[in-house]
Amino acid sequence: MSLGFHANFYHSYRIDTNDEAGFGKDIFGVYSPYVRTQEMMVSAGNFNLYNELGIKGVVLYYSSIPFDAFRVFVDELSLEEAHNPLIYNNQLTKETMLVIPAYNHADLIENISIYNWVQMLRYQQLRGNIQKDVLICINSDADDSYWYGYNLPQYLKWVPNTGGLSQLIDDIASLDYVEFTTISEYVKHHKPLKEISFGQDTAFGSFNGNVSWAEKKYCSDYWTAVEKDRSIHQLVKSMYAYLKKDIPADMTKSLQQSFEKRMRPLSTTNFGVATPFLAKNREHVVEDIMSDLHLLTAHVVESIKKIWNCQ
């Protein structure tokens, strides 16, 4: 049984393909070319780009936390599969990528403690329900205060999962069936156990009921409005291409204005996802943007209906 700890340096977006230099190499000397994106922001299409940049795999939460990436998008994994490398295979985009299921300190709480979690997996191994080695990949932001623990009063020092990285190591260091490893070392000797595929964007969580920002109904309404506006643009271009005519100037102007409006909620998490959850006045800003989108393209929709009905 292997245990790995993975810090996500999400403040650095530089991927350096130079073998002689790089963010990770500068600091640690060696590094594992695996990506865990900020807030689990992964979309179909990213994986081909990662492959081109020499990235060997992605670390995605199969977790109990709100930012869980893909748990509800795939068939339920067995304990053995959920603690081993997987292969992402998207037939639509023709992408394949190694995926490492990862966990957070919320999963430590769900399993009571790292010791209890390890013991549970070992028990399943001894019973024959798990036939192979398993990897517990604890993953969190590099600047998370959890890594160095919490300064609790003396009478609460016994509380599991609160002493940081050193406590996690100390709690299971004496177990002879546990070894500490890195992702790169583990995948050298352990092949992927299952093929998975999903097309959904995983940013901010995957609708697992854990109160993710993206699960708020108004956020879904906002993104639906954005998608509707995008579809209207595509419809207008397709129709006028079919008619072999130029798009009228007034219609072009409205579409350009709605495009600029649409870019605002897409350009930052401050609109449509995070901020409305945190600040009501900014939610009103998003509502105004969506109202403007509708007004700018409403007459466009009516115009193309009339034109199409006349054909």
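User: Which residue of E3 is the bridge partner of tyrosine 34, and what makes E2 and E3 a pair?
Analyst: In this predicted model, tyrosine 34 has glycine 57 of E3 as its bridge partner. Strand E2 (34-35) and strand E3 (residues 57-61) are joined by 2 bridges and run parallel. Pairing requires that DSSP finds at least two bridges between two strands, so E2 and E3 count as paired.

User: Why are E2 and E8 called edge strands?
Analyst: Strand E2 (34-35) and strand E8 (195-196) each pair on one side only. They belong to an open sheet of 5 strands in the order E2-E3-E5-E4-E8, and its pairing is mixed.

User: How are helices and strands assigned, and how many does the chain have?
Analyst: Both are DSSP runs numbered from the N terminus, with helices (H or I) of at least four residues and strands (E) of at least two. The chain comes to 11 helices and 8 strands. Numbering of residues starts from 1 along each chain as its sequence is written.

User: What is the crossing of H5 and H6 called, and why?
Analyst: Helix H5 (residues 114-126) and helix H6 (residues 164-172) have axes that come within 9 Å and cross at roughly 40°. The axes are lines fitted to C-alpha atoms over the stretch in contact, and the angle runs from 0 to 180 degrees between N-to-C directions. Angles under 35 degrees count as roughly parallel, over 145 as roughly antiparallel, 65 to 115 as roughly perpendicular and the rest as oblique. H5 and H6 are therefore oblique to each other.

User: Is phenylalanine 198 buried or exposed, and how do you know?
Analyst: Its relative accessibility is 5%. Buried means under 20% relative accessible area, exposed over 50%, and partly exposed in between, with a 1.4 Å probe and protein chains only. Phenylalanine 198 therefore counts as buried. This residue lies in the loop between E8 and helix H8 (217-243). Leaving aside residues up to four places away in sequence, phenylalanine 198 touches Leu60, Phe70, Phe73, Val74, Tyr88 and Asn90. Phenylalanine 198 and serine 43 are 155 residues apart in sequence, while their C-alpha atoms are 9.3 Å apart in space.

User: Is histidine 105 buried or exposed, and why?
Analyst: Histidine 105, in helix H4 (residues 105-110), has a relative accessible area of 19% and is therefore buried. Ser140, Asp144 and Tyr146 touch histidine 105, not counting residues up to four places away in sequence.

User: What makes the phi of lysine 94 and of asparagine 161 worth a note?
Analyst: Most residues other than glycine have a negative phi. Lysine 94 has a positive phi near 60°, and asparagine 161 a positive phi near 70°. Lysine 94 sits in the loop between strand E4 (86-90) and strand E5 (95-102), and its 63% relative accessibility makes this residue exposed. Asparagine 161 lies in the loop between strand E6 (135-141) and H6; at 6% relative accessibility, asparagine 161 counts as buried.

User: Which limits apply to these values?
Analyst: Local features need pLDDT of at least 70, side-chain atom pairs count only at pLDDT 80 or more, and totals for chains, interfaces and linings use all residues, while side-chain values use heavy atoms, with hydrogens and water left out. Of the 311 residues of the chain, 41% count as buried.

Definitions and conventions: Contact means heavy atoms within 4.5 Å.
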